[in-house]
Amino acid sequence: VIPTEDGLADRLYQAGVELFLDLGVFCMDTQRVIHFSKEELRWALDHAPKEVRYGREEETVTVYPRKVEDRRDPVCFFSAVGTPVTEEMFLPIAQSYAQEPLADTFSGPLITSYQGIPVTSGSPVEVEAAIWNTKMLREAARQAGRPKIGIHNFQSTGEKTDATLASAQERFGAYPGDGLLVAAIAEMKVDFERLKKVAFLRYSPYVLGALYGPLMGGYGGGPEGTAIVLVAHHFLGLLVFSAERHNSFPIHIHQVCNTTREMLWLLSLVGQALARNTDLIIASNAFMASGPCTRMIVDELSVHSIVSTVSGWHLNPTAVARNRYPLRCSGMEARIHAEVGHAVSRMGLSRKEANQIVSKLLAEYETKIPEAPIGKTFPECYQMDRLKPTDEYESLWEERKKELRGIGLEAI
């Protein structure tokens with residue numbers, strides 16, 4: 001699951017370079033291909049940011065390029081990653097992420113209706129909902145006792161550029177030291193809507209992050225081809241988006257997660273390829289098949305975190321229950337993912353050691369992925385009066401920690 005052959009990672013990197021230079025990036029609005037030369041790519045890689053900062057004052061966190069088997073703790077971007085929630089549950093769910101001690105930054109879920117009106121792309125309601133989204137995220141930070149924590153993506157509800165720009169104001173809670181993510185279109189495509197956001201963000205005080213989600217089983221084919229495509233997407237982000245950091249969520253086209261055996265191999269090898277050959281700041285976005293408060297979610301989160309941390313990624317937990325079931329998300333899943341990642345870095349696990357742990361955990365859940373349990377909703381797995389995980393959820397994690405120590409993750 002976790003390759004240990006450095007030459008394989010280096011060959012993957014070179015394949016990604018060749019694909020990017022040969023294929024280019026397709027702009028859907030102009031119906032033209034944007035090509036770059038090898039010299040332009042090399043210049044961009046040489047001048048890529050070596051660090052970015054989120055947050056303000058005591059909450060400032062510096063994000064740096066990690067290396068394979070890096071003993072430094074990964075930066076943890078806590079997020080509900082676009083899980084649909086009701087308007088009334090948005091604030092407590094967002095707070096459940098912001099209040100976690102290992103959250104270096106956070107962002108929130110999304111709402112599909114605002115004041116009872118569907119949030120449709122390009123509508124005036126979308127603009128109103130986008131402003132409300134940013135306000136509520138900053139309010140969640142205040143209620144969590146961390147008013148100056150960075151919000152790495154302060155807009156998840158608004159799709160169109162005008163809605164995003166409307167929300168990007170300090171009076172709504174978007175401060176310098178916050179950020180926005182601009183997503184490429186699978187595979188290797190962009191459009192004017194995304195490029196307009198880039199044009200704004202390049203001159204803004206916000207960290208510009210790029211987001212890539214190639215589909216394994218789509219245009220890239222299997223895990224090998226999709227791994228090459230994911231490497232190439234990082235060059236798209238660097239040259240077309242001027243991205244300061246990079247966030248990846250490759251997805252299995254049928255299982256809608258990245259915790260299958262093939263997806264974990266892909267994640268590990270891409271992380272190693274980029275960490276060995278560039279100084280790009282990269283984060284691995286966790287997509288789980290199962291839902292909150294299940295034994296399977298703990299195993300999926302643990303495996304994804306171990307694979308990502310030892311392979312050179314920072315961590316972006318987490319989308320759960322295939323990111324499609326309303327209210328199936330909480331800060332507890334992000335806590336589990338981050339605690340495992342910190343344990344891996346503290347122990348200084350090698351790829352071989354990490355692979356032994358991952359193989360044992362993967363054997364327990366991989367056959368269950370097609371019928372993974374969707375778990376419990378936020379009000380079912382959190383004590384709403386105290387905004388803390390239920391005793392059941394806490395006990396589930398504590399019991400699994402003991403088992404993880406028994407199979408080699410002693411520092412958890």
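Okay, let's start with the aromatics: Tyr-13, Phe-20, Phe-36 and Phe-235 come together as one aromatic cluster. Keep in mind as we go that this is a predicted model. Searching the whole structure turns up nine aromatic pairs. One I'd like to show you is Phe-154 with Tyr-206. The ring centres are 5.0 Å apart and the planes sit at 65°, and since anything over 60 counts as edge-to-face, that's what we call this pair. What I like here is that the pair links distant parts of the chain. Phe-154 is in the loop between β11 and α5, Tyr-206 is in the loop between α6 and β14, and they're 52 residues apart. Are those two buried or exposed? Both Phe-154 and Tyr-206 are buried.

Pro-205 has a relative accessible area of 46%, so we call it partly exposed. Which residues does Pro-205 touch, if you leave out anything up to four places away in sequence? That would be Pro-176, Gly-177 and Asp-178. Also, Pro-205 and Tyr-54 are 151 residues apart in sequence, yet C-alpha to C-alpha they're 11 Å apart in space.

Staying with rings for a second, we've got a couple of arginines to look at. The charged end of Arg-56 sits over the ring of Tyr-175, 3.8 Å from the ring centre. Then there's Arg-245, which lies over the face of Phe-77 at 4.0 Å from the ring centre.

On to helix α3, residues 87-98. How many of the 12 residues of α3 are buried? It's 10, so the helix is largely enclosed by the rest of the structure. Among the buried ones are Met-89, Phe-90, Leu-91, Gln-95 and Tyr-97.

If you go by elements, the ones giving two or more residues to the lining are β8, β11, β12, α6 and β18. Which element gives the most? That's α6, with five residues.

The peptide bond from Ala-186 to Glu-187 is cis, with omega near -15°, and Glu-187 is in the loop between β12 and β13. There's another cis bond from Pro-317 to Thr-318, with omega near -5°. Thr-318 is in strand β19, residues 314-319.

Then we have positive phi angles. Glu-69 isn't a glycine, but its phi is positive, about 60°. You'll find Glu-69 in the loop between β4 and β5, and at 30% relative accessibility it counts as partly exposed. Leu-387 isn't a glycine either, and it has a positive phi of about 50°. Leu-387 sits in the loop between β20 and β21. Its relative accessible area is 8%, so Leu-387 is buried.

Methods
Residues numbered from 1 in each chain as written. Predicted model: local features only at pLDDT ≥ 70, side-chain atom pairs only at ≥ 80, totals over all residues. Heavy atoms only, no water. Phe/Tyr/Trp six-rings, centres within 6.5 Å; stacked < 30°, edge-to-face > 60°. Helix = DSSP H or I, 4+ residues; strand = E, 2+ residues; numbered from the N terminus. Buried < 20%, exposed > 50% of the residue type's maximum accessible area, 1.4 Å probe, protein only. Lys NZ or Arg CZ within 6 Å of the ring centre and 35° of its normal. Contact = heavy atoms within 4.5 Å.
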